[in-house]
Amino acid sequence: MTRIGVGYDLHPLVADRRLVLGGVHVPFDQGLAGHSDADASVHAVIDALLGAAALGNIGRLFPDTDPRYAGADSLALLRATAGRVSEAGYAVVNIDANIVAERPRLEPYLDTMRHNVAQGLGILESAVSIKAKTNEGLGPEGRGEAVSAHAVVLLEMRGARA
Ligand SMILES: [Zn+2]
């Protein structure tokens with residue numbers, strides 16, 4: 001038995017914040033605003049995982065009104081999510097994600113992001129795809145006002161391949 005989930009996130013780009021995507025600190029003159037480290041790509045993956053397992057969404061599990069999550073490392077939230085998904089009886093088959101950012105260029109960091117997400121979930125890097133694209137200058141991402149991310153996750157009942 002397999003289950004699919006989709007996730008989406010967007011955070012505004014602002015001055016005086018670190019840019020963290022896929023758990024990587026990407027050198028840039030702006031960062032993403034948010035309660036946690038505002039890692040839009042990891043948040044999209046978390047929402048896809050929760051969606052596939054029908055466990056709610058990131059805002060329900062990790063409310064941004066909770067001071068415990070102020071400045072939170074989103075990879076820690078990802079590990080906590082992986083625990084919930086596993087408790088519900090599911091294993092991750094694969095993940096595919098897109099990060100939409102006009103700048104900076106993210107290609108050099110994608111393999112490290114894949115490594116971080118795979119490690120957070122305890123799965124092989126070959127099961128994690130993270131791609132970067134621009135928005136051709138259009139919309140909030142294209143104007144450099146925001147970075148968004150989309151993710152799709154496939155889960156299977158644990159033991160299904162045994
Ligand atoms: Zn977010």
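**A walk through the model**

Author: Let's start with A40, which lies in helix α1. Keep in mind that this is a predicted model.

Reader: Is A40 buried or exposed?
Author: Buried. The relative accessible area of A40 is 0%, and the cut-off for buried is under 20%.

Reader: What is A40 in contact with, sequence neighbours aside?
Author: Leaving out neighbours within four places in sequence, A40 is in contact with D9, H11, L21, L32, V147 and A149.

Reader: And how far is A40 from R84, C-alpha to C-alpha?
Author: Their C-alpha atoms are separated by 20 Å. Along the chain, A40 and R84 are 44 residues apart.

Reader: You mentioned D9 and H11. I also see a metal. Which residues are the protein donors of the zinc ion?
Author: D9, H11 and H43. D9 uses OD, H11 uses NE2 and H43 uses ND1. They lie 2.0 Å from the zinc ion.

Reader: What spacing do the donors follow along the chain?
Author: The pattern is D-x1-H-x31-H.

Reader: Where do D9 and H43 lie?
Author: D9 is in strand β1, residues 2–14, and H43 is in helix α1. The two are 34 residues apart in sequence, so the pair ties together separate parts of the chain.

Reader: Is D9 buried or exposed?
Author: D9 has 16% relative accessibility, so it counts as buried.

Reader: And H43, buried or exposed?
Author: Buried too, as H43 has 7% relative accessibility.

Reader: Back to helix α1. How do the axes of α1 and α3 cross?
Author: At roughly 10°, and the axes come within 10 Å. Here α1 covers residues 40–52 and α3 covers residues 74–87.

Reader: Roughly parallel or roughly antiparallel, then?
Author: Roughly parallel. Angles under 35 degrees count that way, so α1 and α3 qualify.

Reader: Which residues make the contact?
Author: From α1, they are V42, H43, V45, I46, L49 and L50. From α3, they are S74, L75, L77, L78, T81 and V85. Note H43 in that list; H43 is also a zinc donor.

Reader: How many of those are nonpolar, polar or charged?
Author: The contact of α1 with α3 has 9 nonpolar residues, 3 polar and no charged.

Reader: Let's move to the loops. Where is N57?
Author: N57 is in the loop between α1 and α2. At 38% relative accessibility, N57 counts as partly exposed.

Reader: What does N57 touch?
Author: Setting aside neighbours within four places in sequence, N57 is in contact with D47 and L50. N57 and D47 are 10 residues apart in sequence, and their C-alpha atoms are 5.4 Å apart.

Reader: What about A54 and its phi?
Author: A54 has a positive phi of about 55°, although A54 is not a glycine. A54 sits in the loop between α1 and α2. With 55% relative accessibility, A54 counts as exposed.

Reader: And what is the phi of E136?
Author: Positive, about 55°, and E136 is not a glycine either. E136 lies in the loop between β6, residues 128–133, and α5, residues 139–142.

Reader: Is E136 buried or exposed?
Author: Exposed, because E136 has 68% relative accessibility.

Reader: Switching topic. Which peptide bond is cis?
Author: The one from R103 to P104 is cis, with omega near -10°. P104 is in the loop between β5 (90–100) and α4 (110–121).

Reader: Now the rings. How many aromatic pairs does the count come to?
Author: The count comes to 1 aromatic pair. F62 and Y69 form it.

Reader: Is the pair of F62 and Y69 stacked or edge-to-face?
Author: Edge-to-face. The planes are 85° apart, and the centres are 5.4 Å apart. Over 60 degrees is the cut-off for edge-to-face.

Reader: Are F62 and Y69 buried or exposed?
Author: F62 counts as buried, at 12% relative accessibility. Y69 counts as buried as well, at 14%.

Reader: Last stop. Where is A88?
Author: A88 is in the loop between α3 and β5. Its relative accessible area is 34%, so A88 is partly exposed. A88 and M157 are 69 residues apart in sequence, with C-alpha atoms 8.9 Å apart.

Notes: Residues are numbered from 1 along each chain as its sequence is written. This is a predicted model: local features need pLDDT of at least 70, side-chain atom pairs count only at pLDDT 80 or more; totals for chains, interfaces and linings use all residues. Side-chain values use heavy atoms; hydrogens and water are left out. Axes are lines fitted to C-alpha atoms, for helices over the stretch in contact, and angles run from 0 to 180 degrees between N-to-C directions. Helices (H or I, at least four residues) and strands (E, at least two) are DSSP runs, numbered from the N terminus. Angles under 35 degrees count as roughly parallel, over 145 as roughly antiparallel, 65 to 115 as roughly perpendicular and the rest as oblique. Contact means heavy atoms within 4.5 Å. Ala, Val, Leu, Ile, Met, Phe, Trp, Tyr, Cys and Pro count as nonpolar, Asp, Glu, Lys and Arg as charged, and the others, Gly among them, as polar. Donors are N, O and S atoms within 2.8 Å of the metal (3.2 Å for Na, K and Ca); water is not among the atoms, so sites may look incomplete. Buried means under 20% relative accessible area, exposed over 50%, partly exposed in between (1.4 Å probe, protein chains only). Rings of Phe, Tyr and Trp (its six-membered ring) pair if their centres lie within 6.5 Å; planes under 30 degrees apart count as stacked, over 60 as edge-to-face and the rest as tilted.
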